[in-house]
Amino acid sequence: SNTIDLSSVASVGEGVNIHDNYDTEGIDMSSMTSVGGNVNITNNVDLEELRISALETVDGQLYVSSNNNMPVFSVPNLGLIEGNLQFYSNNGIEEIHFDSLDTVEGQLQLEYNNSIETLSLPVLTELDGRLYLYGNNSLSSIELSSLVEIGSDMEIRSNSQLEVLNLDKMQVVNGSFQVQNAHQMNTLDLPELLEVNGSFNL
């Protein structure tokens, strides 16, 4: 298979940009623990597997766009993103897993990802920016069961297949709270919600 082997790279001082690779099926960066700038993964038509399993910190944003052949996007050891976490117009990704991510210092945005069914950030505690999930036509499950506070607005709109939204620990939304066009969702439990500083729309 067409794989780019960068498996010995331990850290990158500035940004990592993986873009416009048309025949590349795999990229192995399985030893990289830190990136000093942004990580941009964009327009990789045939990329099926991106091995970044050791990555622990990203000092900028993590931006994933127009990747049409990668069914699972998983970064199991990443704990901190100092910028935004954004998935835009990925038609191939079906599952997103960040099993260790507890802090996002920017925004968390998912827009126009037609195949994503599962968004799982089970230990995310701190989100300093807004939570914006819009126009993800297959998204059925959102796991944010440790999230306590959102630094700005929470906007979850036009995700027509959304059934499960787990916000069990949510206490404070420092902007508006908006969940709309989620016609498949039977229940929404917010047992610990104390404070919404903007408007509340459901």
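View A. Leu 62, Phe 73, Leu 85, Phe 98 and Met 154 touch the most other members among the 52 residues of the largest nonpolar core. Here a nonpolar core is a set of buried Ala, Val, Leu, Ile, Met, Phe, Trp, Tyr and Cys residues joined through side-chain atoms within 4.5 Å, and buried means under 20% relative accessible area with a 1.4 Å probe, protein chains only. Elements giving two or more residues to this core include β3, β9 (62-65) and β24 (177-180); strands are DSSP runs of E, at least two residues, numbered from the N terminus. The model is predicted, so local features need pLDDT of at least 70 and side-chain atom pairs count only at pLDDT 80 or more, while totals for chains, interfaces and linings use all residues. Residues are numbered from 1 along each chain as its sequence is written, and side-chain values use heavy atoms, leaving out hydrogens and water.

**View B. Around Phe 73.** Beyond neighbours within four places in sequence, Phe 73 is in contact (heavy atoms within 4.5 Å) with residues including Ile 41, Leu 62, Phe 87, Glu 95 and Phe 98.

View C. Let's move to the strands. β18 pairs with β21 in the parallel sense over four bridges, where pairing takes at least two DSSP bridges. Tyr 134 stands opposite Arg 157 of β21. Four bridges also join β21 to β24, again parallel, and Ile 156 has Val 179 in β24 as its bridge partner.

Conventions:
Buried < 20%, exposed > 50% of the residue type's maximum accessible area, 1.4 Å probe, protein only.
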